[in-house]
Amino acid sequence: MTAAGAVLEISQLLVGYAGAPVCGAITARADAGEILGVVGFNGAGKSTAARTIAGKQQMLDGEVRLHGLPVNEDAIPFRREVAALFDEDAFFPSLSLREHLQLVARGHSVPDPDAAVDAELDFFGLQDRAGAVPDSISSGQRRRLLLASAFIRPSSLLILDEPEQRLDPVMRERVGLRIRKYADDGGTVLLVTHDPALLLATAGRCLLIDDEVREIDPARAAAEIAGK
Ligand SMILES: Nc1ncnc2c1ncn2[C@@H]1O[C@H](COP(=O)(O)OP(=O)(O)OP(=O)(O)O)[C@@H](O)[C@H]1O
């Protein structure tokens with residue numbers, strides 16, 4: 001039975017490869033407007049968990065429900081609800097930045113897609129490179145394009161795997177504010193991060209991924225990440 005307001009419910013989830021779990025079982029829930037941070041050392045299993053929750057990888061055991069329904073990346077209604085950013089660059093080599101964003105916006109029936117594309121190009125500081133193709137921009141700019149692609153489309157769950165990667169400090173802070181706004185507008189966020197400032201600025205709750213997975217106060221997690 002889904003508790004009222006629960007967008008994401010994870011129950012005794014085991015994630016891993018070739019039948020072997022990479023971390024302890026994960027049980028957590030996140031409601032509308034909540035940002036759930038996910039932290040842990042390199043190789044702890046954070047990306048594996050995030051990919052599994054996003055339906056990109058088969059779970060070993062347990063259950064993940066989004067709006068009460070099981071995760072199924074093949075189902076259009078599931079894909080419509082979930083926007084995700086992972087550590088992978090997937091671009092169409094011959095499409096410009098503007099064309100990439102237009103494709104995502106139109107594919108998700110964003111109203112007034114041209115205005116939405118301009119707004120994201122402005123927000124992510126990509127307007128002067130809008131006509132360039134992905135190969136001819138910097139790695140940080142490609143990361144900005146992926147973030148813009150995640151934010152331009154409607155969704156109710158946003159899964160971000162280390163969104164801070166390759167971003168300069170100013171853009172990291174802007175992305176933190178954007179994540180907050182997404183949640184303030186009613187979205188739910190799963191945020192994997194190694195950035196203590198980003199975690200502090202956003203997460204209301206936090207999961208520590210390890211051999212045993214437990215909830216940890218975000219301020220405490222941020223201090224631990226910062227080595228304090
Ligand atoms: N495709 C794969 N096949 C087999 N094992 C993998 C695969 N990808 C990752 N692993 C292993 O699974 C474990 C968890 O990796 P994962 O990428 O989930 O960690 P992480 O917590 O996200 O790490 P980081 O902080 O370095 O990004 C690691 O031991 C890793 O070597």
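**Notes on the sheets, helices and ligand shell**

1. Six strands make up an open sheet, in which the order is E8-E9-E10-E5-E11-E12 and the pairing is mixed. At the edges of this sheet stand strand E8 (82-85) and strand E12 (214-215), and each has a single partner strand, so one side of each is left without a neighbour in the sheet. Please keep in mind while reading that this is a predicted model.

2. The pairing of strand E1 (residues 6-14) with strand E6 (residues 61-66) is antiparallel and extends over five bridges. Two of the facing positions can be located by eye: Leu8 stands opposite Leu66 in E6, while Leu14 stands opposite Asp61 in E6.

3. E6 also pairs with E7, again in the antiparallel sense, over two bridges, and here Leu66 stands opposite Leu69 in E7. The two strands E6 and E7 form a hairpin with two residues between them, and in the turn His67 has a positive phi of about 50 degrees.

4. For helix H3 (residues 97-107) and helix H5 (residues 139-152), the axes come within 9 Å and cross at roughly 25 degrees. Because angles under 35 degrees count as roughly parallel, H3 is described as roughly parallel to H5. Their crossing is right-handed.

5. Which residues of H3 and H5 meet? On the H3 side they are Leu97, His100, Leu101, Val104 and Ala105, and on the H5 side they are Leu145, Ala148, Ser149 and Ile152. Sorted by class, the contact of H3 with H5 contains seven nonpolar, two polar and no charged residues.

6. H5 has a further helix beside it, since the axes of helix H4 (residues 113-123) and H5 come within 10 Å and cross at roughly 140 degrees, and H4 and H5 are therefore oblique to each other. The crossing in which H4 passes H5 is right-handed. Ala116, Val117 and Glu120 of H4 make this contact with Ala148, Phe151 and Ile152 of H5, and the residues divide into five nonpolar, no polar and one charged.

7. H5 can also be placed relative to the six-stranded sheet, for this helix lies across E8 and strand E9 (157-161), and runs at about 170 degrees to E8.

8. Finally, what surrounds the ligand? Its surroundings consist of Tyr17, Val22, Gly40, Asn42, Gly43, Ala44, Gly45, Lys46, Ser47 and Thr48. Helix H1 (residues 46-53) gives the most to this shell, with three residues. By class, the shell around the ligand is made of three nonpolar, six polar and one charged residues.

Definitions and conventions. Residues are numbered from 1 along each chain as its sequence is written. This is a predicted model: local features need pLDDT of at least 70, side-chain atom pairs count only at pLDDT 80 or more; totals for chains, interfaces and linings use all residues. A residue is near a molecule or strand if its C-beta atom, placed from the backbone, lies within 6 Å of it. Helices (H or I, at least four residues) and strands (E, at least two) are DSSP runs, numbered from the N terminus. Ala, Val, Leu, Ile, Met, Phe, Trp, Tyr, Cys and Pro count as nonpolar, Asp, Glu, Lys and Arg as charged, and the others, Gly among them, as polar. Axes are lines fitted to C-alpha atoms, for helices over the stretch in contact, and angles run from 0 to 180 degrees between N-to-C directions. Angles under 35 degrees count as roughly parallel, over 145 as roughly antiparallel, 65 to 115 as roughly perpendicular and the rest as oblique. A crossing is left-handed if the near helix is turned anticlockwise from the far one by less than a right angle, and right-handed if clockwise. Two residues are in contact if their C-beta atoms, placed from the backbone, lie within 7 Å. Two strands pair if DSSP finds at least two bridges between them.
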